[in-house]
Amino acid sequence: MRFHNHSTFKIMQITDIQEVPDVSPDTIRLLESAIEAENPDLIVYTGDQIKGYGVTYKGKGSELESAVAKTIKTLLEPVTRRGIPFAVTFGNHDRQVGISNKDQLEKIYKTLPNYVGESANGMNLSAASYIPIKASDGSDKDVFNLYLFDSGTDAKGGGYEPFDKKIIEWYKKTRDALKEKNGAYVPSIIFQHIPMPEYYNVLKRVKRGERGAIRAFRAHKNEYYKLGDTCAKDDILLEPPSIPNENTGEFNAISQCGDVLAVFVGHDHKNSFVGRYKNIDLGFTPSCGFNVYGNRTKRGVRCIILDENHPKTYHTYVRTYEELVGKKVSRPVFDYLSSKAPETVDAAIPMIGRLLGIIAAIAVILIVLCALL
């Protein structure tokens, strides 16, 4: 990867496609339109490319790998057809299909043209990689760097696994090696799927009854939040950041030396914002798949533009389905109902409780009416 002669480099982040063998035409429309409109230099997939828990992958037996490969190749066809380099990390749902992330990477993604990424030595090949972006003058100088981290999967008993400390140690060694090679710390951006606990530091805790307040769960049980002051006016928070219960120190590590400018995640499909905590921007990118819940036609992709002449700054924005394609979708009823469904098991529990309460109240009313008649 190298900066252009006009000194810019454009990255497109695509996250939470969560597709099934019968890929939604709306998903493809969004991907085709976004890639055609933006013509990125690199595309980064940040997990949950497939709906690993989906029933449509169950019972495939010996045909499972070919079914998953077909889905992934369909999703990446707008990229591979245009010859655009791409990189991949994984979410909590990819491996749930029954094929490890390592095997998906080696047997599927790496067989496609223009895969890039320097894998972490001595680690699971899907766990971490980095992509240096070199100077436009043809030299070996690394002007910028991208990290891709596998942030893990669901934890036993609910919630999400702690972030792997081995990745943190690998990051530190890679950061220091890049400094030794280039004479200074190399400005960097991290891409991963699950947000770190510090994402709550760019939010503002509010009272339960405040308009627009979002209820949180687990580590922030019964707390309510809105976007904080460092977020933009048009940013979107519609679900609480689903973070690991345990903080293993990722943010502390990446904020030590000033090399990491930003972290961009997916995971919580409806969120689309960038806030700042200490010296790092923490950003959410909305989902782009139409076979899973999302923020309807606000689904989209994120673009990030780097400037070789000012490597410690960047520009970012989201392109949505509504902007690129329109408001019409192929399955409006499913799209509406899925947008109202609970995002997680934690969110479903109080919803089920309210429903049972309503049913109980109706039953009491019916019993009273029957007694009076």
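User: What are the ground rules here?
Analyst: Residues are numbered from 1 along each chain as its sequence is written, and side-chain values use heavy atoms, leaving out hydrogens and water. Since the model is predicted, local features need pLDDT of at least 70 and side-chain atom pairs count only at pLDDT 80 or more, while totals for chains, interfaces and linings use all residues.

User: How many salt bridges are there?
Analyst: The count is 22. A salt bridge here is a side-chain nitrogen of Lys or Arg within 4 Å of a carboxyl oxygen of Asp or Glu.

User: What does R82 pair with, say E32?
Analyst: R82 and E32 form a salt bridge, with the closest N and O atoms 2.9 Å apart. E32 is in helix 1 (residues 25–38) and R82 in the loop between helix 2 (64–80) and strand 3 (86–89), 50 residues apart. Helices (H or I, at least four residues) and strands (E, at least two) are DSSP runs, numbered from the N terminus.
Analyst: R82 also bridges to E36, again with the closest N and O atoms at 2.9 Å.

User: Which network do they belong to?
Analyst: Salt bridges with shared partners join E32, E36, E77, R81 and R82 into one network.

User: Is E36 buried or exposed?
Analyst: E36 is exposed, at 53% relative accessibility. Buried means under 20% relative accessible area, exposed over 50%, and partly exposed in between (1.4 Å probe, protein chains only). R82 is partly exposed at 29%, and E32 is partly exposed at 22%.

User: And what about D142?
Analyst: D142 is buried, at 4%. D142 forms a salt bridge with K181, the closest N and O atoms being 2.9 Å apart.

User: Switching to rings: how many aromatic pairs?
Analyst: There are 17 aromatic pairs. Rings of Phe, Tyr and Trp (its six-membered ring) pair if their centres lie within 6.5 Å; planes under 30 degrees apart are stacked, over 60 edge-to-face and the rest tilted. F90 and Y109 are an edge-to-face pair, 5.9 Å centre to centre with 70 degrees between the planes. F90 is buried at 0%, and Y109 is buried at 0% too.

User: Which residues form the aromatic cluster?
Analyst: Y130, Y147, F149, F163, W170 and Y171 form one cluster.

User: Which ring does R299 sit over?
Analyst: The charged end of R299 sits over the F290 ring, 4.2 Å from its centre. The rule is NZ of Lys or CZ of Arg within 6 Å of the ring centre and within 35 degrees of the ring normal. R331 sits likewise over F334, with its charged end 4.1 Å from the ring centre.
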